[in-house]
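Here are my notes on this one, as numbered points. Have the model open while you read.

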Amino acid sequence: MDPWVYIVLVGAVAIVYALRLPAKASKEDSDEKKSLKETEAALELYMADIEHENTELLQLVGSIKAQSQSNKTALQEEIGTLREQVTELSKSLLLLDARLTAEEKGLLQLAATFSREPSAAQSAENASAAPTAEAEIQPARQKPVSSIKLRYPRLFELHEQGKSIDSIAKTAGLQRGEVQLILQLAHQEESV
């Protein structure tokens, strides 16, 4: 073969290869572009999710802030009410203290007046009625009035019948200890 045929064949192969190269490069470029578009779409979805979560977070923080503000306002109102009550109670305490002081002064004056009057009245009374007072005291000592028996007649009636303390307590609707105490008081009253 002639050398020029070789040159033509090599040129033809070079032309075919040159034509084939851009087709292969455009196929690789289209794959890269497709991959790049998928990555961009994924990033856009990710950014949309982050933006949505940020919006929810901002709403949550806003609601917490509003709730804390309303709680703060309610607490301030309650503190104001409590301060008013404390002020009123302080005024009331001062008034009561003043009344108590006035009452104490009145009682001291009354006690002083009473302590002066009986000594004068008692000395005059003792001089004129000494025998009569002693006569009145002796009969009182001789016959004590049993007030406990008058207050609990059914209890003493059952006791005189010989009923037990438990039976008396059940019948009278009292506790066993109360019945014992009443009986002991009546016994002490009789022995005086």
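1. Helices (H or I, at least four residues) and strands (E, at least two) are DSSP runs, numbered from the N terminus. On that basis the protein has five helices and zero strands, giving the pattern α-α-α-α-α along the sequence.

2. A word on provenance: this is a predicted model, where local features need pLDDT of at least 70, side-chain atom pairs count only at pLDDT 80 or more, and totals for chains, interfaces and linings use all residues. Residues are numbered from 1 along each chain as its sequence is written, and side-chain values use heavy atoms, with hydrogens and water left out.

3. Of the 192 residues, 6% count as buried (under 20% relative accessible area, 1.4 Å probe, protein chains only).

4. Look at Ile182. Leaving aside neighbours within four places in sequence, Ile182 is in contact (heavy atoms within 4.5 Å) with Ile148, Tyr152, Leu155, Phe156 and Leu174.

5. How do H3 and H5 pack? Their axes (lines fitted to C-alpha atoms over the stretch in contact, angles running from 0 to 180 degrees between N-to-C directions) are 11 Å apart at about 85°. That makes H3 roughly perpendicular to H5 (65 to 115 degrees). Leu155, Phe156 and His159 in H3 meet Val179, Ile182, Leu183 and Ala186 in H5.

Methods. Parallel < 35°, antiparallel > 145°, perpendicular 65-115°, else oblique. Buried < 20%, exposed > 50% of the residue type's maximum accessible area, 1.4 Å probe, protein only.
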